[in-house]
Amino acid sequence: MAYDKFTVLKSTAVPMPIENVDTDQIIPARFLKATERKGFGDNLFRDWRFNADNTPKKDFVLNNPIYSGKILVGGKNFGSGSSREHAAWAIYDYGFRCVVSSFFADIFKNNSLNIGILPVQISPGFLDKILRAIEADPHAELEVSLPEQKITILASGEFEPFEINSYKKHNLMNGYDDIDYLQSMKEDIRVFAAKSIY
Amino acid sequence: MSNTPATLFDKVWDSHVVRKIADGPDVLFIDRHFIHEVTSPVAFLGLESRKLKVMFPEKTFATADHNTPTINQHLPVQDPLSANQLKALEVNAAKYGISHWGLGNPKNGIVHVVGPENGITLPGMTIVCGDSHTSTHGAFGAIAFGIGTSEVEMVLSSQCIMQPKPKKMRISVDGVLGKGITPKDVVLFIISRLTAAGATGYFVEFAGEVFGNMSMEGRMTVCNMSIEMGARGGMIAPDETTFNYIKGREKAPAGAAWDKALAYWKTLKTEEGAVFDKEYRFAAADIEPMITYGTNPGMGIGITKNIPLADAAGGSKSTYEKSLDYMGFHENEAMLGKKVDYVFIGSCTNGRIEDFRAFASIVKNRKKAEGVTAWIVPGSHIVEQQIKEEGILDILTAAGFQLRQPGCSACLAMNDDKIPAGKYAVSTSNRNFEGRQGPGARTMLASPLVAAAAAVTGVVTDPRTLLVD
């Protein structure tokens, strides 16, 4: 599925300084029953966001109108648990394009990159700085530059570089995906498969 | 060939790399692809919109498990959304020529149970599935891991995925396990030491005496939960136990093909002197029956211990407090004696015959505790059949338990098997996340023996006190 190209994102951010945010919280299993990729954002963080009677939980950050933006700032080990890509879909569908954390679970990171969300992994110290900047001013903006591979707190100018391999960087900046790449090397795959003992 | 001693992981990974991309991932050929109803429909839609075919339909196997009811499977599925997903799997499998074991098929069951029991899972393979517990298949010396739906589409259309090669970790457990200590306790112990993120970025090899002595069912339980410490997967070198398990299974090689495969499989081990990026070593004697008290699988302790103090638990204090608050537990409380409302035995972690034998060993000649609801769910129809043939069903029935039909069930509560809000469950599954077993459900992960002890006493109980010599 096509996604928006990612170059430079300047946005306010939503703080969620909780560790081990697992994919069952991001999108509970009972909302995985669709056969199309539609409407997952409505159930993003469903059980943290809504009471059993579907009224919003006032103390949850997504229900606090002070916070908004296309960047989600999470705690350590974000996206742990299930491989459900629905978690990344829900985050994308809700409107986030970038998730910032000091540590990501592997499968979540892969899934995000595959659908056009940029996972930005930074040091615990810089994560703290970002959270404090948002706490001081909920309208504080961050700038995530994929070409330059750095994230900046615009108010103070403080920044930190982040890692991404050049293949994925190229894909995200151009809206390409792995399926395009793999289709271009079908002959090599066929030759390889012919040698398999399985 | 270089002279550097290779690890098991290197041998299998490197032999599947179709292309290496500079400063990018490896293009990895996939030998076996399992699909189920939840994470595959959007991948098939992707194929359609791109007008792509399934490149090697004979390398993909479909089974329905996540959404299936565990009673009255002969009747139409009540939940229209679940029914729709199950139908989509059936239609997609038929359209693309993929083998499909749907509801009612005698081979049906949880994908990570039916793969091995039918000889589809073999040593030295690369195996993927849109499910994080695909790591289970690593018990056979395969590289097996969970993938997202975009990657399911990749495998369907090209039999490859693109992955950076993970780092390597070895976890050795030496010695002999004490009585009443099961593979589930071993893996919960390891995760409690490493934390839920302790192996992120790594592929783990489990090594040492304890795993060498373990049955294939036990090895599957261990590798299954590799993901719960963040690992991409876990694997155990194949040995005689592995080969004996595989031989004669329906889809396993036979005759000359068996001899050829076996000769290759015997080379699949880590060489002396091979280097890992990280190593851990534990002693079997330090492991007791384990139970979790929090909301991630790293929050586990020996069943006789008290809940750790926030300061001693490591990590963020507010996250720790949020977790205990959800569970309705407090620091320094004992786990023994805590009330249990529900017991669930099953799942891809503990839904195999050995798990039901263990459960039966404790409930035999005892009665289900009043006030406990127990869901006993075999991992497949083949396991269900074994339970009946071995007389385990008679033991369960005499003790007041009922056997349900196979599926993922209360492990992730996609079907009707949901633990009600606020209730406590001792569960042999793999995740104690908030709401995992139903909104507001409170999960304590444990072994089949601990589950059985809770089921007959109604409280958290050390199973060693109930074991008969």
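This is a predicted model: local features need pLDDT of at least 70, side-chain atom pairs count only at pLDDT 80 or more; totals for chains, interfaces and linings use all residues.
Across the interface of chain B and chain A, 31 residue pairs are in polar contact, both partners standing at pLDDT 80 or more.

Let us turn to the charged partners. Between chain B and chain A the count is 5 salt bridges. In one salt bridge, the side chain of Asp24(A) meets that of Arg436(B), at 2.9 Å from N to O.

How much area is buried between chain B and chain A? The value is about 5300 Å², and carbon and sulfur atoms give 60% of it. Three residues, Arg19(B), Arg50(B) and Met162(B), supply 10% of the area that chain B buries against chain A, more than any other three residues.

Asp65(B) is found in the loop between strand 4 (60-63) and helix 3 of chain B. Is Asp65(B) buried or exposed? Its relative accessible area is 0%, and the cut-off for buried is under 20%, so Asp65(B) counts as buried. Setting aside neighbours within four places in sequence, Asp65(B) is in contact with several residues, among them His36(B), Glu37(B), Gly109(B) and Cys408(B). Ala274(B), by comparison, lies 209 residues from Asp65(B) in sequence and 39 Å from it in space, C-alpha to C-alpha.

My last topic is a set of strands in chain A. Strand 5 (residues 141-145) and strand 6 (residues 150-153) of chain A run antiparallel and are joined by 4 bridges. Within this pairing, Glu143(A) has Thr152(A) in strand 6 as its bridge partner. The hairpin of these two strands has 4 residues between them, and there Gln149(A) takes a positive phi near 50 degrees.

Strand 6 of chain A also pairs with strand 7 (residues 159-161) of chain A, again in the antiparallel sense, over 3 bridges. Here the bridge partner of Lys150(A) is Pro161(A) in strand 7. In the hairpin of strand 6 and strand 7 of chain A, 5 residues lie between the strands, and Gly157(A) takes a positive phi near 80 degrees.

Notes
Residues are numbered from 1 along each chain as its sequence is written. Chains are lettered from A and ligands numbered from 1 in the order in which they are written. Side-chain values use heavy atoms; hydrogens and water are left out. Buried area is the accessible area (1.4 Å probe) that two parts lose on being put together, summed over both. A salt bridge is a side-chain nitrogen of Lys or Arg within 4 Å of a carboxyl oxygen of Asp or Glu. A polar contact is a pair of N or O atoms within 3.5 Å; within protein, one must be able to donate a hydrogen and the other to accept it, and residues adjacent in sequence count only if both atoms are side-chain atoms. Buried means under 20% relative accessible area, exposed over 50%, partly exposed in between (1.4 Å probe, protein chains only). Contact means heavy atoms within 4.5 Å. Two strands pair if DSSP finds at least two bridges between them.
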